[in-house]
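Welcome! Here are some exercises with worked solutions, to be read with the structure open beside you.

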Amino acid sequence: MASAAQRRIKSISYAKYGYLFILPFFIVYFFFQLWPLINTFILSFHGNGKDGLDAFVGLDNYKAILFGGSNRAIKMVHERFFTSLANTVILWVGNFIPQIALSLSLAVWFTEANLKIPGKGFFKIVMYLPNIITAASVAVLFLQLCGEAENTPGALNQLLNKIGVVSKDAASEKYDTIKFITGVWQSRGVVMFIQTWMWFGNTMIMLMSGIQGINPSLFEAASIDGATSGQVFRKITLPLLSPIMAYTLVTSMIGGLQMFDIPYLYHKDPNKVSNDLKTVAVYIYEYFHDQVDPKMGYAGAASVILFFITLILGCIAFYLTRDKDEIAKKKQIKKNQQQTSMVGKQFGGRF
Amino acid sequence: MSKMKSVYGEPKDNYTASLKRKSVILTIWFIILTIICLLPIYILIVNATRSNSAIANGISFIPGGHLSKNIKTLFKDINYNTVFNVWIGYKNSLLITGISTVFTVFFSAMTAYGIHVYDFKLKEISYTVILLVMMVPMQVTSAGFVAFMLKLHLTDTYWPLILPAIAAPAVVYFMRSYMKSSFPLDIVEAARIDGCSEFRTFISIAIPMMKPAIAVQAIFAFIASWNNFYTPNMILVSSKFKQKTLPMMVSAIQASDKFTDYGAIYLAIALSILPIVIVYVILSKFIIAGVALGGVKE
């Protein structure tokens, strides 16, 4: 079909242009991502001297972080790592469960065709708004809202007082405030709330686009058969949404392990991150960012551990939520093929 | 749905009634959520217009008349404008964000184009590498990144904040998927026959055709870069005040003990989120559509 000119053009190799077009990406990728990753591994096998690269120490940094030691300083490294890991898990679980419950229910309600809700577009826009606001500003804002001075209870406590949750002593004019910044679980609760507040809109929109991708004839068939909305949700929406749920879970988990801005900034005492909020990302950051005495070895080793945790979690989540019907179907096909080939052999390969 | 009703007769009355009741309850629930979403921001704006003592005394939902005084404190008082200078912050953030956004979309489009249009030996491998990279979190590589930048003496410069924008795997992935669905290769051949050079084809044919994808990704790259606190905070270490980005200045408020005027603090925070909120209000429809698109991609 092709004309002579087109054929001639096809015979010219354009491969070098392909390389030329992707070259900038890979140069930058090598220098700013791949090499830093390798460098992190290298650092993790070296000492904790001031200039970053000290003598080779093998697995000592990993040993110190994972198992501790008799030395008091090393014990600290070990204990602080596990505290930060526990904090990360607590903060992540505490924001993911309400977030997914809220987003999933909202996504289902928003996509339910026979409900008459005015201003869906407006609600969506407002609920996504917290996600685009600078996290650093959000942290400082909530610090102001939740904070309290000696004689003033702070905005949030005042609000709770108006509702009647926080009581005010009539004689001394003092409020029985909730310690939103210094309290262990109170401060964690605030950070969980901020994370949920910032991310539920994003998750909701992603789940909504997933639900809208489900074949509408399924919902129609269900409603003709007289299924209740609960049944539709359990039997149709949830199973068909599982790939996107897996995606949400994995991205949220990886994001949760990276949690930095808000735990790092949410504390009253200048330059001292609250120990109840210190996440793994903050732990690593404090080691390599220390201006006086950076400990690159520990930072590197902790980063590598974080890397593998991320990897394992990602694999588990994908394994748990993989499409089981699809796999069963593939197995069946394979079985059928085997059977036919066996039958073929029986009859001397005439099949 | 309405068609169905006409085929199967009118639904029972209690069915319609229960639907109506559910709609009302849900609308109320959505309004409550809207209030929760907006309340912190509303209090922020209200408090930015109130005086220090008024804020300390109680919460209010009506704006006060202290805005001009707070502005004066924030901009004129030496204790305040040496910690938080909104103009320097805007300028630096805009410089870094602007250049890196252009880099991200341009080079991602270029990489996606290279992989999509040409056939070469390493094509599939390079695409797989890009997909794998997508999953590696920044926090994992940052220790090695900072150590490397220290060695190159690039800390306290903007290079480590701008140049990495060229390699944005997620954006490449998005652009490639977009090209697969809406960039026929015949166009490239037609351009070749007309004597158009390869690079020229990319610039004057591919880029205009990819405008929708580029616009969506540019918005997200802009927001991500503008809000980035982690990277600037670790690269601009010994930093002079003049170099700081806006999120760094906001975080400095929290660390400073000179910031004692609540009104000025709230005003500073409000100014720091103002540009991004304006951008959002203008582009919200695109942004919501873009997020939805991102959800389908997996």
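**Exercise 1.** Find how many residue pairs are in polar contact between chain B and chain A.

*Solution.* Begin with the rule: a polar contact is a pair of N or O atoms within 3.5 Å; within protein, one must be able to donate a hydrogen and the other to accept it, and residues adjacent in sequence count only if both atoms are side-chain atoms. Between chain B and chain A, 18 residue pairs are in polar contact, with both residues at pLDDT 80 or more. Next, see which element supplies the largest share of the side of chain B that touches chain A: helix H2 (residues 13-48) of chain B, with 19 residues. Helices here (H or I, at least four residues) and strands (E, at least two) are DSSP runs, numbered from the N terminus. Then sort that side of chain B by class, which gives 78 nonpolar, 20 polar and nine charged residues. For this sorting, Ala, Val, Leu, Ile, Met, Phe, Trp, Tyr, Cys and Pro are nonpolar, Asp, Glu, Lys and Arg are charged, and the others, Gly among them, are polar.

A word on the ground rules: this is a predicted model, in which local features need pLDDT of at least 70 and side-chain atom pairs count only at pLDDT 80 or more, while totals for chains, interfaces and linings use all residues. Residues are numbered from 1 along each chain as its sequence is written, chains are lettered from A and ligands numbered from 1 in the order in which they are written, and side-chain values use heavy atoms, with hydrogens and water left out.

**Exercise 2.** Work out the area buried between chain B and chain A.

*Solution.* First list who takes part: 107 residues from chain B and 99 residues from chain A are in contact (heavy atoms within 4.5 Å). The buried area, meaning the accessible area (1.4 Å probe) that two parts lose on being put together, summed over both, is about 9200 Å². Carbon and sulfur atoms give 76% of this area.

**Exercise 3.** Locate the salt bridge between chain B and chain A, and place its two residues.

*Solution.* A salt bridge is a side-chain nitrogen of Lys or Arg within 4 Å of a carboxyl oxygen of Asp or Glu. The count between the two chains is one, and the partners are B:Lys22 and A:Glu112, with their closest N and O atoms 3.4 Å apart. B:Lys22 lies in helix H2 of chain B and A:Glu112 in the loop between helix H4 (72-111) and helix H5 (120-132) of chain A, so the pair joins two chains. Finally, check accessibility, where buried means under 20% relative accessible area, exposed over 50%, and partly exposed in between (1.4 Å probe, protein chains only). B:Lys22 is partly exposed at 25%, and A:Glu112 is buried at 16%.

**Exercise 4.** Which residue forms a salt bridge with B:Lys123, and is each partner buried or exposed?

*Solution.* The partner is B:Asp119, with the closest N and O atoms 3.5 Å apart. B:Lys123 is buried, at 11% relative accessible area, whereas B:Asp119 is exposed, at 64%.
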